[in-house]
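I set out to record what can be read from the coordinates of this chain.

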Amino acid sequence: MSKSMKICHVAMGDLWAGAEVQLLALMKYLVRLPDFEWTVILFNEGKLAEELRKLPLSLTVIPEKNCSPLTIAYRLARVFRQVRPEIVHTHKYKDSILGSIVAKCLRVPHVVRVVHGMPEPFSGLKNLKMACYMLADRFATSSLIDKIVAVSFDIEQSLVSRYGRHRVACIHNGIDLEAVRVITKRLEKRKEWHIDDRAVVIGTVGRLVPIKGHAVLLKALQVLHRSIPNVKLLLVGDGPLRGYLEAEVDRLALNQAVLFAGHQDPSYDFINMMDIFVLPSLHEGIPMVLLEALALVRPVIASRVGGIPEVVSHGVSGLLVNPADADALAIGLLEMMCDPVKTAAFGDAGRRQVEREFAAGHMANRTAVMYRSLVMNR
């Protein structure tokens with residue numbers, strides 16, 4: 001009998017956002033593969049830890065709130081010595097920096113790091129903190145990491161120019177189609193949220209932060225509202241920008257047209273309420289929420305940025321518009337509303353594309369091939 005390959009993932013687990021959803025989807029399918037042993041180390045308790053405990057793997061949580069970086073490193077080393085992994089696989093800045101340093105000190109044969117997206121812009125002290133993280137992460141990636149995984153071709157091109165072709169691979173994000181289920185019927189959910197059956201509902205799901213482009217969407221709604229007075233905008237998600245966006249809704253006199261639903265987990269029932277799903281982001285990798293919307297057969301209009309054009313084929317499975325262009329977004333939305341047959345075809349094509357190219361099983365199989373290749377070519 002061949003010996004099982006031991007893989008240890010190290011991740012923050014502090015949020016329940018794209019990177020965390022993607023890691024859970026990956027692990028749900030990786031654990032089904034033979035000839036592997038799986039360990040996951042998280043730096044926080046939370047939704048990801050709760051879900052991972054349901055899987056046949058070993059989970060350790062090192063609570064960063066109670067531990068200094070040195071303590072985290074010591075506890076990482078203790079787990080690595082116990083498990084003796086052939087590969088350590090990291091995900092974000094802090095876990096990549098600490099995980100790669102400890103792994104190399106203990107002579108773990110290989111370290112893999114996945115890049116889920118490009119850096120977000122911040123201001124003030126947070127910007128300085130992120131700049132320090134990025135500098136340390138770039139050093140660790142250059143010196144200590146053997147393979148860098150990009151979740152989109154767009155990110156891959158950026159990483160190749162920095163780290164070289166032989167060190168970078170592209171494995172698209174995948175969605176767990178088995179988990180994408182609607183619980184409450186569309187009209188029942190609309191009634192629950194006091195949305196008229198005749199309303200045309202557009203909406204988006206995501207953190208209320210600048211890079212997600214909500215302010216652009218509000219401006220587009222103002223333009224659209226003149227032609228389609230019964231249009232409703234459903235914003236699902238929460239974040240530091242909520243107060244500003246609520247003030248913008250007041251300023252643009254859109255109070256009757258905008259509904260803030262807050263954070264919803266899962267959000268599938270809310271996406272299913274929408275006639276058109278909108279993703280006005282200023283940058284993205286392969287956004288999990290976009291895959292969810294397509295899996296739910298929602299027609300999509302999105303910004304032509306990052307990895308989005310790799311998911312949405314313009315004019316086939318949705319429409320793409322330039323980022324930060326409210327007029328173009330409004331025109332695209334109006335076009336979709338005026339041609340419901342074509343718009344419905346977008347939703348059908350999007351679902352087929354997700355099944356063909358972005359299912360979590362495909363992502364897990366490609367990841368396993370990469371693991372085997374690293375170990376065989378050592």
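**Entry 1: T204 and its surroundings**

I listed the contacts of T204, leaving aside neighbours within four places in sequence, and found H214, L217, L234, L235, V236, M274, F277, V278, L279 and P280. The model I am working from is a predicted one. I then placed T204 in the secondary structure: T204 belongs to strand β8, residues 200–205. Is T204 buried or exposed? I noted a relative accessible area of 2% for T204, which is under the 20% limit, so T204 counts as buried.

I moved on to I211, which lies in the loop between β8 and α8 (214–227). Its relative accessibility is 12%, and I211 therefore counts as buried. I checked the distance from I211 to E284: the two are 73 residues apart in sequence, yet their C-alpha atoms are 8.6 Å apart in space.

**Entry 2: N173**

Which backbone oxygen does the side chain of N173 reach? I found that of I286, at 2.8 Å. N173 sits in the loop between β7 (168–170) and α7 (186–192). With 3% relative accessibility, N173 counts as buried. Not counting residues up to four places away in sequence, I recorded that N173 touches Q22, V151, I286, M288, L291, F358 and M363.

**Entry 3: backbone geometry**

R84 has a phi near 55°, a positive value in a residue other than glycine. I located R84 in the loop between α3 (69–83) and β4 (87–90). Its relative accessibility is 65%, above the 50% limit, so R84 counts as exposed.

V297 likewise has a positive phi, near 60°, and is not a glycine. I located V297 in the loop between α11 (288–295) and β12 (300–303). At 29% relative accessibility, V297 counts as partly exposed.

Where is the cis peptide bond that I noted? This bond joins D265 and P266, with omega about 0°. P266 is in the loop between β10 (258–262) and α10 (268–273).

**Entry 4: the chain as a whole**

I counted 15 helices and 13 strands in the chain. The radius of gyration is 22 Å, close to the 21 Å from the globule rule for 378 residues, so the chain is as compact as a globular protein of that length. Along the principal axes, I noted a span of the C-alpha trace of about 65 × 45 × 40 Å.

Of the 378 residues, 56% count as buried. Among contacts with a separation of 6 or more, I found that 68% are between residues 24 or more positions apart. The accessible surface comes to about 17,100 Å², and 54% of that area belongs to carbon and sulfur atoms. Finally, I recorded 47 positive and 38 negative side chains, with the centres of the two sets 6 Å apart.

How values were computed: Residues numbered from 1 in each chain as written. Predicted model: local features only at pLDDT ≥ 70, side-chain atom pairs only at ≥ 80, totals over all residues. Heavy atoms only, no water. Helix = DSSP H or I, 4+ residues; strand = E, 2+ residues; numbered from the N terminus. Rg over C-alpha atoms; globule rule 2.2 N^0.38 Å. Buried < 20%, exposed > 50% of the residue type's maximum accessible area, 1.4 Å probe, protein only. Contact = heavy atoms within 4.5 Å. Areas by Shrake-Rupley, 256 points an atom, 1.4 Å probe, with all protein chains shown as cover. Lys, Arg positive; Asp, Glu negative; His and termini not counted. Charge placed at Lys NZ, Arg CZ, Asp CG, Glu CD. Polar contact = N/O pair within 3.5 Å; in protein donor to acceptor, adjacent residues only side chain to side chain.
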